[in-house]
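This report describes one protein model together with its ligand. Please consult the sequence and the coordinates shown below while reading.

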Amino acid sequence: MTSGKLRVVVTRRLPEPVETRLRELFDVDLNLDDAPMSREQLADAMRRADVLVPTVTDRIDQRLLAQAGPDLKLIANYGAGVDHIDVETARQRGILVSNTPGVLTEDTADMTMALILAVPRRLKEGLRLIENDEWAGWSPTGLTGRRITGKRLGILGMGRIGQAVARRARAFGMQIHYHNRRRLHRSIEESLEATWWESLDQMLARMDVISVNCPHTPATYHLLSSRRLKLLKPTAYIVNTSRGEVIDEAALARMLRAGELAGAGLDVFEREPEVNPELKGLDNVILLPHMGSNTIEGRIEMGEKVIINIKTFADGHRPPDLVVPSML
Ligand SMILES: O=CC(=O)O
């Protein structure tokens, strides 16, 4: 670490108040173009920085980490998910990794709920009807959707966001089911009136809506494989606001095209910003550009979290949001 202020390299534009505060506190290099950095630019940033602030669009893998300079001591990710960072290699090299949990829980859960409502109630087709001046007036049989109240919601991954989705879905009268490696504490389960399924396969076969809310890790890659997707009822809907990699996207697209599922609401994809063309053009599929946590309030709070982590580290203490707490 050089003497004086920490040198912080930020890979993308952040909300203005966040950039201003970063400038006040640190010797900061901002990416004023806002284009994702090339591999070369990222490698250069890693060589120069004491602290790197990347986002989900930067793949910080083993090869890149091998090029880190001796000063790089903290990767303070702007975002909750860290599947784009090789955390284990960073740990071996003595580089801390922090993220921004908590502040995007409610916004992401809102977006999840929006999709749980929008797909079964056919909002995409309704919007288009009016935009295209094709609406002939109210009809007893046109654009009939499916009721949400009373239906079974299966939440895959019952962490902060999964639980926030459960609270919302309860208010809409849904029955809450979940699969998680670890069962929730009984009191939380009771307050959510949630049913735990040890077997994901068994849960999938019984749900009306599936919501993916687990992180992407080696253990959850293609957790919803082609085989598991086939366990779903043909009347089931699937919503994903977590990471595209959790679902076998090609298998999902095939099933949606074949009418083997009722519909899907996807905010995340396996190869962003590429979206499998087979998913496009379907009336019962709503596709969003990874905007689950995208509120200005959330974006600023994410920035505040990044700043707190860097500042705490600069003061010689343990950053509060270390991804691997044992790192220090
Ligand atoms: O997807 C966004 C995040 O992980 O924060």
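Does Arg 243 count as buried or exposed? At 13% relative accessibility, Arg 243 counts as buried; the term buried means under 20% relative accessible area, exposed means over 50%, and partly exposed lies in between, with a 1.4 Å probe and protein chains only.

## Basis of the model

This is a predicted model, in which local features need pLDDT of at least 70 and side-chain atom pairs count only at pLDDT 80 or more, while totals for chains, interfaces and linings use all residues. Residues are numbered from 1 along each chain as its sequence is written, and side-chain values use heavy atoms, with hydrogens and water left out.

## Annotated domains

An unreviewed UniProt entry places the feature "domain: D-isomer specific 2-hydroxyacid dehydrogenase catalytic" at residues 8-323. Over residues 8-323 the chain is 34% helix and 14% strand, and the end C-alpha atoms are 19 Å apart. Helices (H or I, at least four residues) and strands (E, at least two) are DSSP runs, numbered from the N terminus.

The UniProt annotation "domain: D-isomer specific 2-hydroxyacid dehydrogenase NAD-binding", also from an unreviewed entry, covers residues 113-292. Residues 113-292 are 29% helix and 16% strand, with 10 Å between the end C-alpha atoms. UniProt positions are given in the numbering used here, feature names are shortened, and annotations may be inferred rather than shown by experiment.

## Ligand surroundings

A polar backbone atom of Gly 81 is 2.8 Å from an oxygen atom of the ligand. An N or O atom in the side chain of Arg 243 is 2.7 Å from a ligand oxygen atom, and for a polar side-chain atom of His 290 the distance to an oxygen atom of the ligand is 2.6 Å. Taken alone, the ligand exposes 200 Å², of which the protein buries 83%; accessible areas come from the Shrake-Rupley method with a 1.4 Å probe, and for residues only the protein chains shown count as cover.

Arg 243 belongs to the loop between strand E10 (237-240) and helix H11 (249-257). Its C-alpha atom is separated by 9.5 Å from that of Leu 266, a residue 23 positions away along the chain.

## Parallel strands and crossovers

Strand E7 (residues 175-179) is largely enclosed by the rest of the structure, because 4 of its 5 residues are buried. Strand E6 (residues 152-156) runs parallel to E7 and is joined to E7 by 5 bridges; two strands pair if DSSP finds at least two bridges between them. Leu 156 stands opposite His 179 in E7. Between E6 and E7 the chain passes through helix H7 (residues 160-171), and this β-α-β crossover is right-handed: with the strands pointing away from the viewer, the path from the first strand over the helix to the second runs clockwise. E7 is also joined in parallel to strand E8 (residues 194-196), by 3 bridges, with Thr 195 in E8 as the bridge partner of His 177. A right-handed β-α-β unit is made by E7, helix H8 (residues 186-192) and E8.

E6 also pairs with E9 in the parallel sense, over 4 bridges, and Ile 155 has Ser 211 of E9 as its bridge partner. E9 and E10 pair in the parallel sense over 4 bridges, with Val 239 in E10 as the bridge partner of Ser 211. In a regular strand the side chains alternate between the two faces of the sheet. Strand E9 (residues 209-212) is covered on both faces: Val 209 and Ser 211 on one side, and Ile 210 and Val 212 on the other, are all buried.

## Backbone exceptions

Most residues other than glycine have a negative phi, and most peptide bonds are trans. Arg 122, in the loop between helix H5 (105-118) and helix H6 (123-131), has a positive phi near 60 degrees and is partly exposed, with a relative accessible area of 27%. Asp 133, in the loop between H6 and E6, has a positive phi near 55 degrees and counts as exposed at 71% relative accessibility.

The peptide bond from Glu 272 to Pro 273 is cis, with omega near 5 degrees. Pro 273 is located in the loop between strand E11 (263-266) and strand E12 (285-287).

Notes: A polar contact is a pair of N or O atoms within 3.5 Å; within protein, one must be able to donate a hydrogen and the other to accept it, and residues adjacent in sequence count only if both atoms are side-chain atoms.
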